[in-house]
Amino acid sequence: MAEIFITRKVFQDAIDILDKEGHTIDINDTDRILPASELVNRAHGKAGLVCLLNDRIDSWVMDELTSIKVISNIAVGYDNIDIAGATERGIMVTNTPGVLTETTADLAFAMLLGAARRIPEADQYTRAGKFKNWQLMQPHMGVDIYEKTLGIVGMGAIGQAVAKRAKKGFDMRIIYYGPSKKESAEKEYEAEFVEFDELVATSDFISIHVPLTEKTKHMFSTQEFKDMKSTAILINTARGPVVDEAALVEAIKHGRIRGAALDVFEEEPSIYPELINLKQNVVLTPHIGSASIETRLRMAKMAARNMVEGLKGNRPPNLINEDVSPHRSRPT
Ligand code: GLV
């Protein structure tokens, strides 16, 4: 039996998993992100912390939370948590991989389609009563997708799921860049590994699927936008800071690239103001990559199960810091 703090509203099914184990749950049952000091107050004395990707769990937070043994992040990405700091303090950290792969790939592809075919702009136009007649020179002419070249940056699970859609549905040529070659993607989707510069220069669409690290921060900035095709569209459903938004705005404004589809932003939830004003060939969504009802439920339940196992002193199924010595410096 342990006490757990959940930082935000979650599905009842996930709470039930924790309840069934006899744990005591305190929850911030709202959509409000707690300031770190409030999170610390609420989680103080608890053994488990279930959090979301926009809760920053830095080492000073962990220092305050001396009784925390397990941090269960309801997200696949974990750049919001100081993993090395958690490991040093003997805290297990878990995430929710796998269950959101296909859903996020669906969104990435929807974003690609939306920007290429200018769906949000056409939707606004139709709703505004501007559709008076069919014209050959339609105001929302977009660009073709099928048989074009898709550059995938980061051929992990989500990158491969995007490649599958691109190859099998749209007969696209797939090129990719990442820390290692992926033979399965090469075999199944005829994906070709290329150097980053080549991917940047030759892709018609570039879809980003890398985690946020020191190395990937601003991986796309002024130089990359200069090197991209002027007809290229950039899709980011990974993490906002991988793209330098100020440089992206300049590139689109000056026609260096055609457009972008962004589901993630550098300073979420604020959006770089000039991005909002760029409507042509630009699609913006509020970090909804995994936001299908089924997937969000799977993520929440997976996070609850990770917590249950961690609190039992077992290795949770989705432990990130494999090298942690559980509870080393924590009271048991
Ligand atoms: C979403 O961005 C996630 O990391 O799960």
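Here are some questions and answers about the structure above.

This is a predicted model, in which local features need pLDDT of at least 70, side-chain atom pairs count only at pLDDT 80 or more, and totals for chains, interfaces and linings use all residues. Residues are numbered from 1 along each chain as its sequence is written, and side-chain values use heavy atoms, with hydrogens and water left out.

Me: Happy to start inside the protein: which helices each supply at least two residues of the lining of the largest cavity?
Reply: On a 1 Å grid over the protein atoms alone, a cavity is a set of points where a 1.4 Å probe fits but cannot get out, and lining residues have an atom within 4 Å of a point. The lining residues here are I6, V10, A14, I15, L18, V50, I74, A300, A303 and A304. Helices are DSSP runs of H or I with at least four residues, strands are runs of E with at least two, and both are numbered from the N terminus. Those that each supply at least two residues are helix 1 (12–20) and helix 13 (293–311).

Me: How much space lies in the largest cavity?
Reply: A search of the whole structure finds one cavity of 30 Å³ or more. Grid points are joined across faces, edges and corners, and a volume is the space filled by probe spheres set on the points. For the largest cavity, that space is about 50 Å³.

Me: By class, which residues make up the lining of the second largest pocket?
Reply: A pocket is an open set of grid points with protein on both sides within 12 Å along at least five of seven lines. P120, E121, Q124, L275, I276, L278, K279, V282, V283, L284 and T285 form the lining. Ala, Val, Leu, Ile, Met, Phe, Trp, Tyr, Cys and Pro count as nonpolar, Asp, Glu, Lys and Arg as charged, and the others, Gly among them, as polar. The lining of the second largest pocket therefore divides into seven nonpolar, two polar and two charged residues.

Me: Which strand supplies at least two residues of that second largest pocket's lining?
Reply: The second largest pocket has a volume of about 230 Å³. Helix 6 (119–127) and helix 12 (273–277) each supply at least two of its lining residues. The strand that does so is strand 12 (282–284).

Me: How many residues apart are R173 and E192?
Reply: R173 and E192 form a salt bridge, with 3.0 Å between the closest N and O atoms. This pair links distant parts of the chain, R173 being in strand 7 (residues 173–177) and E192 in strand 8 (residues 192–193), and the separation is 19 residues.

Me: How does R315 count by relative accessibility, and at what value?
Reply: R315 forms a salt bridge with E322, the closest N and O atoms being 2.9 Å apart. E322 is exposed, with a relative accessible area of 51%. R315 counts as partly exposed, at 47%.

Me: What accessible area does the nonpolar patch with W134 have together?
Reply: Patches of this kind join nonpolar side chains (Val, Leu, Ile, Met, Phe, Trp, Tyr) within 5 Å, using residues with over 30% relative accessible area and no salt bridge. W134 counts as exposed at 64% relative accessibility, and M141 is partly exposed at 42%. Accessible areas come from the Shrake-Rupley method with a 1.4 Å probe; for residues, only the protein chains shown count as cover. Together, F131, W134, L136, M137 and M141 have about 660 Å².

Me: Which peptide bond is cis?
Reply: Most peptide bonds are trans. P269 lies in the loop between strand 11 (259–262) and helix 12. With omega near 5°, the cis bond runs from E268 to P269.

Me: What is the phi of N281?
Reply: N281 sits in the loop between helix 12 and strand 12 and is buried, at 7% relative accessible area. Although N281 is not a glycine, its phi is positive, at about 65°.

Notes
Patch = residues over 30% accessible without salt bridge, like charges linked within 9 Å, V, L, I, M, F, W, Y side chains within 5 Å. Salt bridge = Lys/Arg side-chain N within 4 Å of Asp/Glu carboxyl O. Buried < 20%, exposed > 50% of the residue type's maximum accessible area, 1.4 Å probe, protein only.
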